[in-house]
Amino acid sequence: MLSRLLKEHQAKQNERKELQEKRRREAITAATCLTEALVDHLNVGVAQAYVNQRKLDHEVKTLQVQAAQFAKQTGQWIGMVENFNQALKEIGDVENWARSIELDMRTIATALEYVYKGQLQSAPS
């Protein structure tokens, strides 16, 4: 009877060990699944961040190219405005020169007219 109780006890212990081992394997499997699900979820976020970063890098390069083109075009515009401004100054200089010549010519014409009138008055009639 004692040996039978001992065998029953050992059989129950083996059943408990097998049940515990089965539960341990199920727990490991569940933990592995959970870990994989968490990693997959995190990887989706990381992958999206990577895609966004690539898009940003592309946009930055495009913006740099456009900024360089704009700077070049702005430099050309500035050159054109400076040339136009210089041409306006030259036109102003020519206008001032023409006015000066005109004033000199009027002065000479007035002087010649004065001399001519003086000669007419001093000439015996």
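1. Start with Glu113: at 46% relative accessibility, Glu113 counts as partly exposed, a label for anything between buried (under 20% relative accessible area) and exposed (over 50%), using a 1.4 Å probe and protein chains only. Its partner is Lys117, and the two form a salt bridge with the closest N and O atoms 3.3 Å apart. By salt bridge I mean a side-chain nitrogen of Lys or Arg within 4 Å of a carboxyl oxygen of Asp or Glu. Lys117 is partly exposed too, with a relative accessible area of 45%. Both sit in helix H1, four residues apart, or about one turn of the helix.

2. Before you go on, a word on the source: this is a predicted model, where local features need pLDDT of at least 70, side-chain atom pairs count only at pLDDT 80 or more, and totals for chains, interfaces and linings use all residues. Residues are numbered from 1 along each chain as its sequence is written, and side-chain values use heavy atoms, leaving out hydrogens and water.

3. How many helices and strands are there in the chain? One helix and zero strands. Helices (H or I, at least four residues) and strands (E, at least two) are DSSP runs, numbered from the N terminus. Helix H1 covers residues 2–122, and Ala37 is found in it.

4. Now look at the overall shape. The C-alpha atoms fill a box of roughly 180 × 15 × 10 Å along the principal axes. The radius of gyration is 53 Å, while a compact globule of 125 residues would have one near 14 Å; this value is taken over C-alpha atoms, and the globule rule is 2.2 Å times the number of residues to the power 0.38.

5. What share of the 125 residues counts as buried? It's 0%. Ala37, for one, is partly exposed, with a relative accessible area of 43%.

6. Back to the salt bridges: a search of the whole structure finds six. Among them, Arg99 and Glu95 meet at 2.5 Å, N to O, and Glu8 and Arg4 meet at 3.9 Å. Glu95 is partly exposed at 38% relative accessibility, Glu8 at 37% and Arg4 at 48%.
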